[in-house]
Amino acid sequence: MEQPAGGCDPGPAVPGWVAAGPEGIPAYALARAGAAMNAAFARRLATVGLRPHTFFVLVHLAREPALTSAELARRLEMTPQSMSALLAGLVDAGWVERPAGARRGQRIDVRLTDAGRRALADAGPVLAELGRPQAMGLSAEEAATLHTLLGRVLTHLDPPTPTRRHP
C-alpha cells in the first residue's frame, strides 16, 4: 500500500461538522454561553463577598426560613458532606445559624441571620446589573425571547421533580 506524501496515514475523513467547527452546534453555543455567564456571575458575586453556592443557599433560606442541610444539599445538587462544609463557613461568617447539640435523628434547621439577609440584599444591585439585557449584548425583546427559550430547554432537558428544586 502506498503512503501519502507526508509519510503518515491521515486516517478516516473528518466529519463535516467537525471540520466546520462546533460553533454551528446549538448545544455547544449554549454550553459556552452558560460557562461564560457562570464565570461572570461568580465574578460579580465576588465583588460583594459571595460565591454562587453561598448565594443560592441564602436565596433558598430567604424563601423558606427553615431548611435542613440535607434539603439544601438536594436543592443545590451537592453532596451532604460538601453542604456541611459550606454551611460551616456560612455559620462562621454569621450568615446562617444552626442549633448545636441536636440528638441523632432530630431535625436540625438552618436559618438565615440578619447578616445573611444583608449579604443577600447586597447582591441584588450587582445581579440586576448582570441581568440587564445590554450587559448580555441583547435588546429587551431579545432578552425576553432568550429567557423563554432557555426555560423551554430546561423544562425539556431537566424537568423539575417534587424532590428536586433548581437554584
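Which strand does Asp 109 lie in? Asp 109 belongs to strand E3, strands being DSSP runs of E with at least two residues, and helices runs of H or I with at least four, numbered from the N terminus. Before we go on, note that this is a predicted model, where local features need pLDDT of at least 70, side-chain atom pairs count only at pLDDT 80 or more, and totals for chains, interfaces and linings use all residues. Residues are numbered from 1 along each chain as its sequence is written, and side-chain values use heavy atoms, leaving out hydrogens and water.

Asp 109 has a relative accessible area of 16%, so it counts as buried (under 20%; exposed is over 50%, partly exposed in between, with a 1.4 Å probe and protein chains only). Leaving aside residues up to four places away in sequence, Asp 109 touches Ala 66, Leu 67, Thr 68, Glu 97, Arg 98 and Pro 99, a contact being heavy atoms within 4.5 Å.

Now let's turn to the largest nonpolar core, which has 26 residues. Such a core is a set of buried Ala, Val, Leu, Ile, Met, Phe, Trp, Tyr and Cys residues joined through side-chain atoms within 4.5 Å. Helix H2 (26-46), helix H3 (52-63), H4, H5, strand E3 (109-112) and helix H6 (114-131) each supply at least two of its residues, and H6 gives the most, with five. Val 57 and Met 83 have the most contacts inside this core. Among the residues that Val 57 touches, not counting those up to four places away in sequence, are Leu 72, Met 83 and Leu 90.
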